[in-house]
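Please work through the exercises below with the sequence and the model side by side. Each task is followed by a solution that goes step by step.

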Amino acid sequence: MNLSFSFAFSFYFLLLLLFLGLASASGFDPSELRSLLEFKKGIKTDPLDKVLSVWDPDTRPDPISWTGVTRDPISGFIVSLNLDRLGLVGDLKFHTLTPLTNLQNLSLSGNVFTGRIAPTLGSITSLRQLDLSDNQFVGTIPGRITDLYGLNYLNLSGNKFDGGFPGGFRNLQQLRVLDLHNNTLRGDIGELLSELRNVEHVDLSYNEFYGGLSVAAENVSSLANTVRFVNLSHNQLNGGFLKEEAIGLFKNLQVLDLGDNWIAGELPSFGSLPGLRVLRLGKNQLFGPVPVELLEGFVPLEELDFSHNGFTGSIRVINSTTLKVLNLSSNQLSGDLPSSLRSCETVDLSNNMISGDISVMHNWEASLVVLDLSSNRLSGSLSNLSYFEDLNTFNLRNNSLVGTLPSLLDSSPRLSVVELSLNQLSGPIPGSFFTSTTLKSLNLSGNHFTGPIPLQGSRVNELLVMSSYPQMESLDLSDNSLTGGLPSEIGNIATLKLLNLADNKLSGQLPSELSKLSNLEYLDLSENKFKGTIPDKLSTSLYEFNVSYNDLSGPVPENLRRFPRSSFSPGNTLLIFPNGMPSTNSAQGQASAHVRHHISNGNIRVAIIVASVVAAVMIVFVLLAYHRAQLKEFHGRSGFSDTTTGRNAKLGRLSRPSLFKLHSNVQTTQTSLSFSNDHLLTSNSRSLSGQQEFVAEIVEHGAPERVTTSLASVNPNLLDNEPATSGRKSSPGSLLPSSPRFMESCEQPVILDVYSPDRLAGELFFLDTSLTFSIEELSRAPAEVLGRGSHGTLYKATLRNGHMLTVKWLRVGLVKHKKEFAKEVKKIGSVRHPNFVPVRAYYWGPREQERLLLADYVQCDSLALHLYGKSF
C-alpha cells in the first residue's frame, strides 16, 4: 500500500515539475514587454495597422503574436525584431531597446523613421544583424557601434547619416556585410579599408569619402583575403588606382565599382584576379591604354565600364567569351573598329575618335542587342546587318556615313531604336520602318534623304492599329530634303509622342488626321512649305509646338493660342489670332505648370533705369572704399527686404518672397539669400539694382565659397539684368550698401536658397546618348556658380545620381534662332581633342533667357592659381 502510494506521489510530482517547466519556458520577461511598449511610443503612423493596434498586451497578452517579434523557443527571450517595409513613421528612441539583452536581429528597413542612433545601442552585444536602411535617420554613427563584437551584418544605407566615420571597425571580426551607401559620410578611404577585417561585401557608394587608393599592400591584406564585392562609386576619391602588388591580393574579388570619382593615372594589370566579373571605373580621370587582358579573356569579365575617362590607343580585338556589357564611351580611343568581337550583347564605343570603314562589323560574331558607335569618325556605307538578328538599339549618329539606307529591319527584325542622325546618308527612306511592329524610335535627322515620307501604300494602317504590337513613339526626320505632303496615314501611329519634320521641303495641307495623335507631346513642322489651316483639336498633351516658316493661314485653334509667337512666326502671315498675336513670353505647353506670364510696363522701365544709375554710383563708392578685390566671405546674418513692386501690384498678384530674405539657422553661419520666382525668371529686365550688382562683383572677385542654388530657379541674368525695385528705403536695421553692417555681411559664405516651384519646361537635347537624365532631374540639380564671362554664367550642377555637369547659361540676346543654335552646338559637340571638354547636351527653353550648354565637370585648378599661386 505504502509502495503504491509512494509511486503515485512521485508520478504526480514529476508531472507538476514538467508543467511548471513548460509554463516557465512559455513565459515572457516583463522587462522585455515594457521595452517593446516604450519602443512602440516612438511610432506615430502605422498605415498598414500592423503595430499600433497589434502590440497591445490587453488584447494579445503573449507578444509572440505581435508583428515582427520573434522569441527563442527554449529561453523565451526576444531574439528578433523585424518591422521591414511597413510604412511606419516615427521618431525612434533606441535606448528603449537596451533591456532586450538577447536580441540578435534588429531590422527596421524601408520605413520613415527619424531620429539618431543612441550610443547605448552598442550595449546590446548580442546583436548579429542590424538593418536600419532606407529611413531618415540623421546624425553621426556612434563609435560604440564597434562594441557589437558579434555583428555580422550592418546596413545603414539610404539615410541621412553624416560626419566622420567612426574608428574601431577592426574590432568587428565577425562582420561580413557592410552597407552604408547613400548617406553623406566622410572619411579617408585608405584608413577605412585598413580597418576592415574578414568583410565580404562593402558598399560605401554615394557618400563623401575622400583620399586615394594607392595604399600599401599590408594595409588591405586583411580585407583582400575575403572581400567579394566592393562599391566605392560616387564619392570624392582621388589620387592613383590600387597598386599592382595590392590588387593582386584580391583573389576572391568579383565586383569592383569605383565609378564617378576623381581617380587618376594608368591602370595596373588585372591578370591576377581570377574571379573578377564586374569592373566599373567610369567617370574618373584615368588614362593610358585599356589593359588587354580585360578584352582578351584572361579575366572572366561579364561587364566592363571605362566610360568618361581619358583612355587612348586603339581596340584591336575583343576576344573575351564571357563579356556581355562593354562601355568604353567618351574617351580618346582612336584607330579602327575592333576586327573581332566574340560575345558581347551591349557595346558602347560612342564619343571617341574611332575611324575607318564600318564594314569591319561583318566579321563580328557577337549576338549584339545594343550597339552605340555614335560621335566618332566612322565612314563607309551601311549594309544589311545579317549577323545582328537580335539587335534592339542601333546608334551611329554623328559620323560620316554615306550612301543609301538599306532596309535594316529585314535583317534585324527586333530593332526598337534606330539613331542615324547627323550623317551624310541620302536617297529615299525605306518604307519598312513604318511597317515594323517593334520600332519605337526613328531618328534620321541631319542627313540628305529625299523623296516623300513613305507612309502611303504601306501596311501602317493595318499594323499600327493592333494594340498588341509595340508602336512608334518618336519620329524625327528633320533637316533633310524630303518632298511631297504629310500623308494622312500619320494619324494611324496612335502612340506617337514626338514628331519632328522641320527643315524639309514638305508642302500641301496639314492632314486633319494629326488630331488623332492624342499622345503627341512634341510637334515641329517648321521651315517647310505647308499651306492651309492648322488642324483643330490637336493633342492637349503638347508642350512643344512649332509651325513657323510656313505659309499657313486661317484662325489658330483655341488650344494652340497658349504657345508663344515664335511657334507661329516668322512666316504664316495669313494666320488669324482672334485675341491678337501672342507675346514672346506666352506660356508654353501646360502653361500653368511650367512658366508664368510676365508683363512689362513703361513706367517701371523708367524707374529701373533711374534706380540703376543711383545704384551704380553707390556700388563704385562701396567698392573703392572697401577694396572689393579683398572681399572673401560674407559675415552678415540679416537680409534685404523689398516692398511689392508696382508691376506685381498692377497684375494683382499675391505677394512674393523678397529678393533678399533672411533665413537664420542656429546650426550654420551661412547667410541664406532667398530669390522669388519673378526675379529669377523675369524676361523683360535690363538693369541692375545696387544690391544685385554688388553681389555679382563679390561672386566674380571675392567669394571663395561658391554660390549654390537650384538650377531651375537660377538665372545668369539675375546678376546683370534684374529690375531694380522701387520704394526701397534705408532703415537702421537694414543691410543696404551704405550700411557698415553690410560690409561685414559681405564676408560670409553665400548660399542661394531658392523658393520657387518653377521647373525647366523646355527641350533637352543630348549629343551623347551615354548621358541620360530628365529635365526634372536637371531642374532639381543643386548648382554652384563657377564664374561669369561675356557669354553668360558658368555653373556646376550635381545630378541626383551624383554626376557633375558644367552648365553654361547663355546671356539674353546671345542666341536668336533655335535651328542655328542647334547646328552650332552639334558642330562643337563633335569636336574631339584631349584639351577640350566636349558638349554633352543643350537645353532650349520657352523663354529667351533659357539657353543652356551642358558639359562634364572637370575637377582642376583655376588659372588664377597657376598665375598668382593662390585661389580667389
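This is a predicted model: local features need pLDDT of at least 70, side-chain atom pairs count only at pLDDT 80 or more; totals for chains, interfaces and linings use all residues.

Residues are numbered from 1 along each chain as its sequence is written, and side-chain values use heavy atoms, with hydrogens and water left out.

**Exercise 1. Give the strand order of the open sheet of 10 strands, and find its edges.**

Step 1. Strands are DSSP runs of E with at least two residues and helices are DSSP runs of H or I with at least four residues, both numbered from the N terminus; two strands pair if DSSP finds at least two bridges between them. Read in this way, the open sheet of 10 strands has parallel pairing and the order E27-E29-E31-E33-E35-E37-E39-E41-E43-E44.

Step 2. The edges are strand E27 (355-357) and strand E44 (574-576), and since each has a single partner strand, one side of each is left without a neighbour in the sheet. Neighbouring strands of this sheet are turned against each other by 15° on average, direction ignored, where the axes are lines fitted to C-alpha atoms (for helices over the stretch in contact) and angles run from 0 to 180 degrees between N-to-C directions.

Step 3. Within this order, strand E39 (residues 505-509) pairs with strand E41 (residues 529-532) in the parallel sense over three bridges. Serine 507 stands opposite lysine 529 in E41, and glutamine 509 stands opposite lysine 531 in E41.

Step 4. E41 also pairs in the parallel sense with strand E43 (residues 551-555), over two bridges, and here lysine 531 stands opposite aspartate 551 in E43.

**Exercise 2. Which strands pair with E52, and in which sense?**

Step 1. Four bridges join strand E48 (residues 763-766) to E52, and the two run antiparallel; the bridge partner of phenylalanine 766 in E52 is alanine 841.

Step 2. Strand E53 (residues 851-856) pairs with E52 in the antiparallel sense as well, over five bridges, with tyrosine 843 opposite leucine 852 in E53.

Step 3. E52 is mostly covered, as six of its six residues are buried, where buried means under 20% relative accessible area, exposed over 50% and partly exposed in between (1.4 Å probe, protein chains only).

**Exercise 3. Where do the buried residues of helix H2 lie around its axis, and what do they pack against?**

Step 1. In helix H2 (residues 30-40), the buried residues are Glu32, Ser35, Leu36, Phe39 and Lys40. Seen down the axis of H2, these buried residues fall within an arc of 135°, so they line one face of the helix; the arc is that of the directions from the helix axis to the C-beta atoms.

Step 2. The buried residues of H2 pack against strand E1 (43-45), strand E2 (69-71) and strand E3 (78-82), where contact means heavy atoms within 4.5 Å.

**Exercise 4. Is asparagine 443 buried or exposed, and which residues does it touch?**

Step 1. Asparagine 443 lies in strand E34 (residues 441-443), and with a relative accessible area of 14% asparagine 443 is buried.

Step 2. Not counting residues up to four places away in sequence, asparagine 443 touches Val418, Glu419, Leu420, Ser421 and Asp476. Asparagine 443 and serine 421 are 22 residues apart in sequence, yet 5.8 Å apart in space, C-alpha to C-alpha.

**Exercise 5. How many aromatic pairs does a search of the whole structure find?**

Step 1. The search finds 14 aromatic pairs, with rings of Phe, Tyr and Trp (its six-membered ring) taken as paired if their centres lie within 6.5 Å, and with planes under 30 degrees apart counted as stacked, over 60 as edge-to-face and the rest as tilted.

Step 2. One of them joins phenylalanine 568 and phenylalanine 577 edge-to-face, at 5.2 Å centre to centre and 85° between the planes; both phenylalanine 568 and phenylalanine 577 are buried.

Step 3. Phenylalanine 821 and tyrosine 842 form another edge-to-face pair, at 5.6 Å centre to centre and 90° between the planes. Because phenylalanine 821 lies in helix H16 (residues 818-829) and tyrosine 842 in strand E52 (residues 839-844), this pair ties together parts that are 21 residues apart in sequence.
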